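Dear colleague,

I am handing over the structure below, and after it I set out what was found when going through it. Please have the structure open beside the text as you read.

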Amino acid sequence: EDFVLLLQVQYQGLFQMITVLGIGGTFQIGFQISAITYMSQAFINETWLERYGYPIQQDNLLFLWSITVSIFGIGGLFGSSGSRYLTVKFGKKKCLLCNNVLMIVAASIMGCSKIAQSFEMILIGRFLCGVSAGLCVPLHHQYVGEISPKKLRGFANSTSSFFWSLGKVMGQISGQRELLGSQSLWPMLMASCGFPALVQLVALPFFPESPPYLLMHAGDQEGCKKAIRQLWGEGQHQAEIDDIMKEKATMKNTKILSVLELVKEPAFRWQLYMTAILTGTIQLCGINAIYLYTFEVLQAAGFDEQMASYMTLSIGLSELVAAVVCSSIIERLGRKVLLKGGYWIMGSLLAAITVTLSLQPNTLTSSNSYSSFLSGGATVSTRVEIFKLSCRPPAFVVSSVLNWLGVFVIATTFPFIVERLKHFCFLIFMVVLFTSGIIIHLFLPETKGKSIMEITEEFNKLNFKNKCIPATPNHVTEDYTFCTRL
């Protein structure tokens, strides 16, 4: 129903903008994550042999390969660290446009690596792609959340998970040996991540900045109304405008917080706890480890290289189906139900996978279903909805830093974990999933259909308990307008 509503003439502008943001945002990042698995380790060995006259040792090859994969996370860490400053100073739209140029440069460097016989160019390109992704992810999530009306907010936020999964699937399809995954064509596969960035670079200038940004930060009331008409049509949108005005009133004496101010502020403590748990679970549930090292995981489970290639594609397709299902039911079931239910189901499937592989190697059919219950759409929607506009840039910096730090740690250590634990590595992820599901069940308020002020009141019950609740954080002004005792 939400998708049908989005396709109506009234919301054509919103639909087009979400598509452009998705293609140039999480789509290209998902493509990068899956495409790297098709780059042959033999290229590093061949380059080393040509330079030094002897083959590289296996341990050194494994280390270089893990760095090639994990340096994407280091780049993401750098990019996300600067997202707050750049967003506040230049706005989301300008940041995304410049970010697309960086991605195109990175893709060009990787595409020329084989001609130059330099695996270092892959490292440089992967690092720059990571910087671009680290800046892009928080901007994409914030942008989509801010341009969507309340009734479509959950569905719109969950589309980033859909484009993420679609990017992974397209990377896996393109990486098949019959297409771009061969020894001679994989540089084109690595370079093709620049095409989505080019699409967004051309299309995004025709769309407006987000209405809340125009009204609350740029002070452009007419520009805000024009943006709303372009995105939501000519209908009645006074309720959404009133919500923006209420938030603006509460922010009258409030500045955009720095990361340090956000971390110190008691009024946002539990929001940060939930963000850290949701972000950490995405990394430690094992899905990114499986995508980054798909062939190593499947070969450790007993599959040959050809079968592993097709199994990889089936895993990606199952996650894509899950993203579509999540987008269609998120407004019915709510974010909390999808999160805790998804975590517990994934944990149960991981336990079943471990038992199955222990009894009968070469059986990994359950892993196709494993990725189907990843609660990515609900995670994105929740992280956007629990913070006020003044807190979103630093909150997404914290979330992104944790995310990319997790990518780096998992990408660096997972090959060694698989080598030693084999399929028992899934038990680590299982414990994380069950623990996170319990915490979400006990402490996360439901955000479905609520304004930011209502969600903040729910978190105040956790942040202050029996203490007085200030109307404005104490580092902004000492003039409190009210104090409520719960």
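By about how many helical turns are Trp48 and Tyr52 separated in helix 3? The two residues are four apart in helix 3, which spans residues 42-52, and they are therefore separated by about one helical turn. Please keep in mind that this is a predicted model.

Tyr52 is partly exposed, its relative accessible area being 45%, and ring pairs link Trp48 and Tyr52 with Tyr54 into a cluster.

Another aromatic pair is formed by Phe162 and Phe163, whose rings are edge-to-face, at 5.4 Å from centre to centre and with 70° between the planes. Phe162 counts as partly exposed at 24% relative accessibility, whereas Phe163, at 9%, counts as buried.

Turning to the helices, helix 5 (residues 83-90) packs with helix 6 (residues 92-111) at an angle of about 120°, their axes being 7 Å apart, and this angle makes helix 5 oblique to helix 6. On the side of helix 5 the contact is made by Leu86, Thr87 and Phe90, and on the side of helix 6 by Lys92, Lys94 and Cys95. Sorted by class, the residues of this contact are three nonpolar, one polar and two charged.

With kind regards

Notes. Residues numbered from 1 in each chain as written. Predicted model: local features only at pLDDT ≥ 70, side-chain atom pairs only at ≥ 80, totals over all residues. Heavy atoms only, no water. Axes fitted to C-alpha atoms, helices over the stretch in contact; angles between N-to-C directions. Parallel < 35°, antiparallel > 145°, perpendicular 65-115°, else oblique. Contact = heavy atoms within 4.5 Å. Nonpolar A, V, L, I, M, F, W, Y, C, P; charged D, E, K, R; others polar. Buried < 20%, exposed > 50% of the residue type's maximum accessible area, 1.4 Å probe, protein only. Phe/Tyr/Trp six-rings, centres within 6.5 Å; stacked < 30°, edge-to-face > 60°.
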